[in-house]
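The model discussed is predicted.

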Amino acid sequence: MEYAAKVPLPEAFLHFLEANGLDPSIYTSIDSTPRYIRLKPGCETCIEEVEAEVKCKLQKLEWLPGFYSLPAHVQIAGSRAYREGKIYGIDASSGAAVIALNISPGDHVLDLCAAPGAKLCMILDLLGDSGSVTGVDVARHRLAACRTMLQKYTLGDRCRLFVADGTTFSVIPCGFHSYHKSCESGFEERGDVFKEWTSRRPWKERKRAKKSVTTQFVSRSQPPELIYYGQHSGVVGLTKGELYRTLSDNEIANHGYDKVLVDAECTHDGSVKHIQKFEHWGWGTLQHRLLDAERTDNLHVLQLNLLNNGFRLLKVGGSLIYSTCSLTVAQNEDVVEQFLKENGTAELMEIDAARNWPCKGGLIQKTCRFDALTSQTSGLFVAKFTKLVI
């Protein structure tokens, strides 16, 4: 094969790239792809401090507010600004996906695949002192890491985190509960209500958690597990019945989430750094995780189910972003096409901010693709939808 002499990648992976119309030289650009950081709003004065610590100049990204690039080899974890929660690492393409949501003050936002948490933090940064964010992830240990990030960056006041299967998650936005309670009879017995969250768990709860520690991933049939909620996240003062109340599709149309992010589980082939890890893990592992037909077929079904459920929870007129860090057509355009066929109230939208982004258009009009060669970022596919009146 013509690329084999140029790129130290296994033959099977090169065939995979060719079948998907991808340039193998993407995976040799790791040294020229910058590292990206985002400054927490109000911390702009610490730029010089960071530059002095890491001994290099931060390059401001004109196309993405609050983002800076620095050489790939530079480590930020040892800097005081990082330890104090003034900066955090997040790829510019991921930041673009969040910007595409066009978050407004007061929005109730659902992050349906929240781990590892950088996009969750950015959403909360953009909301400031209004609205709420609901973070969901199927992996308990990954969501616990998100909780740690929220606490480190003091961003958890308006956030709640649920360990749950994103394809069946049904918890409604916190803003609707106050509406619902105002309609209830004042004589109804409400029972125990959620008090302010604390990291200290009751003995019975700790015992339950210890028993389930080996089960890091929840199943579709398991109810959501609330592992964190901020003082103003809409949980304090609710009963369990109110928190987990199920809405009809018509109620969701009026009281669903304003914005939904579905950054779906994928093969991660768009991440150059991820693919190069297989040099150490062994290329046989890549065969199973990326090239196995059954694995990719199952992912396609999962991605479509996540997108369908995220859209179900979106209110009429709201915006949903579907993204993956895969560059394959099967996990991106094929999912979008099938989703549009199955959802008559879904409309693909233009991403206004993308006019200034260093990215390519996808194979479907109005979608975007980032990659290391074109964008100097990690690979990412982005599509935006809105929900029309039922």
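The points below take the annotated aspartates and then the cysteines.

**Annotated positions**
- An unreviewed UniProt entry gives the feature "binding site" at Asp 137, Asp 165 and Asp 263.
- These positions span 127 residues in sequence, but no two of their C-alpha atoms are more than 13.8 Å apart, so they gather at one spot.
- Asp 137, Asp 165 and Asp 263 belong to the lining of the largest pocket.

**Asp 137**
- Asp 137 lies in strand 6, which covers residues 132-137, and is buried at 5% relative accessible area.
- Beyond its neighbours within four places in sequence, Asp 137 has contacts that include Cys 113, Ala 115, Arg 142 and Phe 162.
- A polar atom of the Asp 137 side chain is 3.2 Å from the backbone nitrogen of Ala 115.

**Asp 263**
- Asp 263 sits in strand 9, residues 257-263, and counts as buried with 16% relative accessibility.
- Leaving out residues up to four places away in sequence, Asp 263 touches Cys 113, Lys 119, Ser 323, Thr 324 and Leu 380.
- The side chains of Asp 263 and Lys 119 form a polar contact of 2.8 Å.

**Cysteines**
- The count of disulfides is zero.
- Cys 43 is in no disulfide, and the nearest cysteine sulfur, in Cys 46, is 5.4 Å away; Cys 43 is buried at 15% relative accessible area.
- Cys 146 is buried, with 1% relative accessibility.

Conventions:
Residues are numbered from 1 along each chain as its sequence is written. This is a predicted model: local features need pLDDT of at least 70, side-chain atom pairs count only at pLDDT 80 or more; totals for chains, interfaces and linings use all residues. Side-chain values use heavy atoms; hydrogens and water are left out. A disulfide is a pair of cysteine sulfur atoms within 2.5 Å. Buried means under 20% relative accessible area, exposed over 50%, partly exposed in between (1.4 Å probe, protein chains only). UniProt positions are given in the numbering used here, feature names are shortened, and annotations may be inferred rather than shown by experiment. On a 1 Å grid over the protein atoms alone, a cavity is a set of points where a 1.4 Å probe fits but cannot get out, and a pocket is an open set with protein on both sides within 12 Å along at least five of seven lines; lining residues have an atom within 4 Å of a point. Helices (H or I, at least four residues) and strands (E, at least two) are DSSP runs, numbered from the N terminus. Contact means heavy atoms within 4.5 Å. A polar contact is a pair of N or O atoms within 3.5 Å; within protein, one must be able to donate a hydrogen and the other to accept it, and residues adjacent in sequence count only if both atoms are side-chain atoms.
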